[in-house]
Amino acid sequence: MGAVGTSGTLTLAAAPIGRAEDASERLRGALGAADIIAAEDTRRLRRLTADLGVTTAARIVSYYDANERARAAELVEELREGRDVLVITDAGLPGVSDPGYRLVTAAIEAEVPVTVLPGPSAVTTALVISGLPSDRFCFEGFLPRKAGERASRLAALADEPRTMVFFEAPHRLTAALEAMAGALGAERPAAVCRELTKTYEEVRRGPLGELAAWSSGGVRGEITIVVGGAPERSGPADLAALADEVERRVTDGAARKDAIGEVAREHRVPKRDLYDAVIARKTRR
């Protein structure tokens, strides 16, 4: 507990993402020493402390999406009164697509000490196991559930050069991969990471189109998707050559609209410019 007359410390503690034995000794000590533990799921916290053999005298409170804003204000008051607060989510690091950001912001504004107990993260674990470039990456969290909003988000990422990491629910995995293939290109390299660090860990690597087809049979477990960034353009696009490619795909049976969209995405050119080039090609014939 914090000394009398001083504020307590807010600690963000990373929880194992699959195996309890991945917990650090620091986490064990912090769970036992905290005055208050704010847990995303109090039942999972009790299961974790039992697995770790940790006895805690802390007051345990729930801290999840629905009550995050109100609970943050309460916890800041506890910190101001000198009590140490530890925040822990179901898995990984608080604040990374999980509750924690609002409390950190409020604590900083209140000039309360904030520290992090680092540890497991599905984001970086999936990134390094994907086989995709990891020197530059961005985390996009969960895609919107509605198809239109999801398509808009992905369209904005079509030219993102960095490797991208997403979370997704297993029952929405196929829809997400199909949307990614449509917006980013069916040949864009990706990896679907399932049940990371757990007994049935699985990593599927391949083009987005192939991964979408694979996932249609049903996939269970915690899912993290890693997608390669947009390839660099080597120079100005030859629209006449791309118009020829569109016509080849039309000859092979593709609808012209679909062929224009696919070629435009693959070569990162504006669809309107390619459409105009296709029309000009037809006019010249």
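A pocket is an open set of points on a 1 Å grid over the protein atoms alone, where a 1.4 Å probe fits, with protein on both sides within 12 Å along at least five of seven lines; lining residues have an atom within 4 Å of a point. The model is predicted: local features need pLDDT of at least 70, side-chain atom pairs count only at pLDDT 80 or more, and totals for chains, interfaces and linings use all residues. Residues are numbered from 1 along each chain as its sequence is written, and side-chain values use heavy atoms, with hydrogens and water left out.

**Exercise 1.** Describe the lining of the largest pocket.

Solution. 
- Step 1: 39 residues line this pocket, and I17, R44, D90, A91 and E222 lie nearest its centre.
- Step 2: the largest share, 5 residues, comes from α2. Helices (H or I, at least four residues) and strands (E, at least two) are DSSP runs numbered from the N terminus.
- Step 3: at least two lining residues each come from α2 (42-52), α5 (122-130), β7 (163-168) and β10 (223-227).

**Exercise 2.** Give the strand order of the open sheet of 5 strands.

Solution. 
- Step 1: the order is β6-β7-β10-β8-β9, with mixed pairing; two strands pair if DSSP finds at least two bridges between them.
- Step 2: β6 (137-142) and β9 (202-207) are the edge strands, each pairing on one side only.
- Step 3: β6 and β7 run parallel and are joined by 5 bridges. C138 has M164 in β7 as its bridge partner.

**Exercise 3.** Locate D84.

Solution. 
- Step 1: D84 sits in the loop between α3 (68-80) and β4 (85-88).
- Step 2: a polar atom of the D84 side chain lies 2.8 Å from the backbone nitrogen of T9.

Methods
A polar contact is a pair of N or O atoms within 3.5 Å; within protein, one must be able to donate a hydrogen and the other to accept it, and residues adjacent in sequence count only if both atoms are side-chain atoms.
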